[in-house]
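Hi,

Here is the structure I promised to pass on. Please have a look at it first; my notes on what turned up follow below.

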Amino acid sequence: SGLSQEAGSVEQLSLHCAEGSLEWLYPTGALRLRLAPRLPPTSAAVKGGSPPHVTACIKPTGTFRGAQLYLEREGVLELLLPEAPRPRARCFSWLPQEKVALFLQATPHPDISRRIAAFRYELRGDWLARPALPAASLGAEGACRPCNDTEILMAICTSDFVIRGSIRSVSNDAELQESIIGVSATRIHRQKFPLFQAGGRPGRPVGSIRTPLRCGVKPGPGTFLFTGWLHFGEAWLSCAPRYRDFQRIYEGAQRTRQNPCEFPVD
């Protein structure tokens, strides 16, 4: 609460959790949030490869008021969230040796009692290594590119969800710049949380998967293998090959013993 801060003071905090939320009541002064996630070692670090990036995403609540959020990188400030922003996620990445923090600065108002600056955050060490990025603001490169065979094989092993099914509908949200794909599942191979639940035809769980609007997803016939990641509690698309194409790729990798994990194919 800003009521416990002295006017013009800067409160120092550290964010160690992989995800969480912050709520600043009656903002006054400023908060400096050091980003220090406890990340497991990555394969690149273990094998002596290039240093892994760390990625953070910030999503303001619809009632974010009373402050502006800046990214502080090596002493330089960049505006991430103005006051009263649209409820869209903003993402950025950095190398572990870089000094990065969030600077949440209160904006002057005669009545601070009506204002709360609140947002959710996610800190990850592996997003940039994934074949498709979970938020459009992470960068245009690769977010809409079809996955190659290697990426498809890795996606079935490491994704938060792997769903076999068909596209029921595609709707577009111009404000959030997102497309929402309605999916009818014929088989749930894996889901970390119950994203797909009964509600369609008998025995057919249904759910929705998001992707950047600029990718231009269109409804089409056929069976797909949908893979992807959870991002602020929502499913985001990574790789989605047609199931018959996935079968061909997986069986070829099996013959050459290059499949990174076992997967039931029928």
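Rings of Phe, Tyr and Trp (its six-membered ring) count as a pair if their centres lie within 6.5 Å; planes under 30 degrees apart are stacked, over 60 edge-to-face, and the rest tilted. By this rule there are six aromatic pairs. In one of them, the ring centres of Phe246 and Tyr250 are 5.8 Å apart and the planes are at 35 degrees, so the pair is tilted. Both residues belong to helix H3 (residues 243–255), four residues apart, about one turn of the helix; helices are DSSP runs of H or I with at least four residues, strands runs of E with at least two, numbered from the N terminus. Phe246 and Tyr250 are both buried (under 20% relative accessible area, 1.4 Å probe, protein chains only).

Tyr243, Phe246, Tyr250 and Phe263 make up one aromatic cluster. Arg164 sits over the face of Tyr243, 4.1 Å from the ring centre (the rule asks for CZ of Arg within 6 Å of the centre and within 35 degrees of the ring normal).

Now the sheet. Five strands form an open, mixed sheet in the order E1-E3-E8-E5-E6, where pairing needs at least two DSSP bridges between strands. Strands E1 (10–15) and E6 (76–81) are at the edges with a single partner strand each, so one side of each lacks a neighbour in the sheet. Strands E5 (residues 67–73) and E8 (residues 100–106) run antiparallel, joined by seven bridges; Ala67 has Ala106 in E8 as its bridge partner.

A note on conventions: this is a predicted model, where local features need pLDDT of at least 70 and side-chain atom pairs 80 or more, while totals for chains, interfaces and linings use all residues. Residues are numbered from 1 along each chain as its sequence is written, and side-chain values use heavy atoms, without hydrogens and water.

Best wishes

Key. Buried < 20%, exposed > 50% of the residue type's maximum accessible area, 1.4 Å probe, protein only.
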